[in-house]
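Open the model in your viewer and keep the selection panel handy. We will go from one site to the next, with a stop at the domains on the way.

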Amino acid sequence: MKNILVTGGAGFIGSNYINTVLSQRDDYFIVNLDKLTYAGNLENLKPVENKKNYVFVKGDICNRELVEYIFERYKIKYVINFAAESHVDRSILGSAIFYQTNVIGTNVLLETARQYQVEKFLQVSTDEVYGSLGATGLFTESTPISPNSPYSSSKAGADMMVQAFYHTYGMPVVTTRCSNNYGPLQFPEKLIPLMIINALNNKKLPVYGDGMNVRDWIYVIDHNIAIDKVFNEGRTGEVYNIGASNEKPNIEIVKLVLSILGKGEDLIEYVKDRPGHDRRYAIDSTKIQSELGWKPKFSFDEAIKQTVEWYLSNKEWWGRIISGEYQKYYSDQYSGRIKG
Ligand code: NAD
Ligand code: TYD
């Protein structure tokens with residue numbers, strides 16, 4: 001049995017990870033530590049909540065006493081750190097919690113993992129730590145770290161700390177850096193669910209700037225299969241980029257969502273740009289493909305349709321979210337931007 005501490009497992013990617021791996025493996029015992037911030041939702045974990053090899057603990061990764069208790073109580077030997085503040089726009093509205101959770105929280109996990117001599121510590125990171133690309137080129141694992149937003153700089157800080165713990169203490173760490181995810185259970189603040197939900201509610205679709213910023217989209221399950229591969233087979237001290245070679249300008253994504261829903265493009269509204277908006281992200285995932293034999297399984301055209309279908313079939317899930325605290329965030333973020 002592998003006793004694994006998964007942090008942030010009630011969020012979008014972490015819950016998809018737990019649901020996926022526990023449907024396939026019974027040699028994992030997973031303790032999910034999640035603070036249940038605005039982005040954490042225990043409904044996401046319905047498929048596993050009664051499993052014997054799954055435990056949920058509500059709490060903060062910054063709480064050393066609690067983290068030590070979990071290591072002791074559940075004999076933790078592995079850590080997969082998904083927990084983070086994850087939204088760039090929120091990091092622009094207020095950055096402190098990003099450095100608290102993403103940097104200090106990772107430090108608490110690393111120090112405790114060192115104390116309990118874990119066998120592997122996987123840091124879930126992002127391609128955003130590399131900064132922004134021009135019209136050509138791809139991020140490789142040797143692209144210099146050059147983050148531009150409070151969010152990406154906090155993730156970069158954590159990545160460097162993880163590397164330092166490897167070099168200084170020989171800790172068995174490994175880092176994944178993935179591109180933009182989409183799929184079921186993604187919090188409505190992110191581009192794709194925001195556009196689906198606004199379109200369904202006949203609200204304006206706020207496209208930042210000229211809509212030509214490029215993101216490299218990967219289906220969340222492909223990301224999680226890659227994480228699991230790196231967790232089991234990745235080389236200690238290494239970084240693995242994860243991407244599906246699927247670059248799209250934002251406006252193309254927004255128009256595609258509208259066409260899948262049969263809605264008109266008159267809902268689109270170009271709005272004031274995000275400050276410091278990274279122009280283009282694109283991942284070279286040759287390393288994980290050639291070393292570990294991973295490759296994406298899902299086609300974008302199919303998986304984006306399935307994602308839209310999921311939001312159509314799960315209006316209660318997002319209806320509850322958008323009627324709560326989210327309204328204040330939405331107003332802070334968009335009321336000065338959207339006219340229509
Ligand atoms: P999310 O915002 O949906 O979920 C984050 C989860 O972490 C939530 O359940 C939240 O409650 C929890 N959390 C936040 N602060 C915590 C704390 N202090 N202690 C314990 N739990 C806490 O994020 P996501 O999109 O699922 O992203 C997960 C990870 O993947 C993050 O580390 C993110 O940087 C990384 N990542 C995300 C993407 C993407 O496209 N979403 C791409 C690459 C990497
Ligand atoms: P987002 O989903 O926030 O991910 P990230 O900023 O981490 O890449 O945004 C994806 C892209 O979509 C990004 O270029 C910003 C853009 N965007 C909009 O144009 N309008 C929006 O309302 C949002 C949330 C994002």
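A residue counts as near a molecule if one of its heavy atoms lies within 4 Å of it. Select ligand 2 and show what surrounds it: 20 residues, with Glu128, Arg215, Arg274, His277 and Tyr334 the closest. Before going on, note that this is a predicted model, in which local features need pLDDT of at least 70, side-chain atom pairs count only at pLDDT 80 or more, and totals for chains, interfaces and linings use all residues. Residues are numbered from 1 along each chain as its sequence is written, chains are lettered from A and ligands numbered from 1 in the order in which they are written, and side-chain values use heavy atoms, with hydrogens and water left out.

**Ligand 2: polar contacts**

Look for pairs of N or O atoms within 3.5 Å. Start at His277: a side-chain N or O atom there is 2.7 Å from an oxygen atom of ligand 2. Next, pick Asn250, where a polar side-chain atom sits 2.8 Å from a ligand 2 oxygen. Then show the backbone of Leu191; one of its N or O atoms lies 2.9 Å from an oxygen of ligand 2.

How much of ligand 2 does the protein bury? Taken alone, ligand 2 exposes 510 Å², and the protein buries 98% of that. These areas come from the Shrake-Rupley method with a 1.4 Å probe.

Now colour by secondary structure. Helices (H or I, at least four residues) and strands (E, at least two) are DSSP runs, numbered from the N terminus. Helix 3 (88–93), helix 6 (191–200) and strand 8 (205–208) each give two or more residues to the shell around ligand 2.

**The two domains**

Colour domain 1 (2–181 + 219–242) and domain 2 (182–215 + 246–276 + 301–326) separately. The bounds come from an automatic or database domain assignment. Each of these domains supplies at least three residues to the ligand 2 shell. Their C-alpha centres lie 25 Å apart.

About 1,800 Å² is buried between the domains, and carbon and sulfur atoms give 48% of it. Buried area here is the accessible area (1.4 Å probe) that two parts lose on being put together, summed over both. On the domain 1 side, highlight Phe12, His87 and Tyr219: they lose the most area to domain 2, together 30% of what that side buries.

**Ligand 1**

Move to ligand 1. It has 28 residues around it, and Ile13, Asp34, Ser86, Tyr151 and Lys155 come nearest. Zoom in on Ser86, which places a polar side-chain atom 2.6 Å from a ligand 1 oxygen. The side chain of Tyr151 has an N or O atom 2.6 Å from an oxygen of ligand 1. At Phe82, select the backbone: a polar atom there is 3.0 Å from a ligand 1 oxygen.

Finally, select strand 5, which gives the largest share of this shell, three residues.

Methods:
A polar contact is a pair of N or O atoms within 3.5 Å; within protein, one must be able to donate a hydrogen and the other to accept it, and residues adjacent in sequence count only if both atoms are side-chain atoms.
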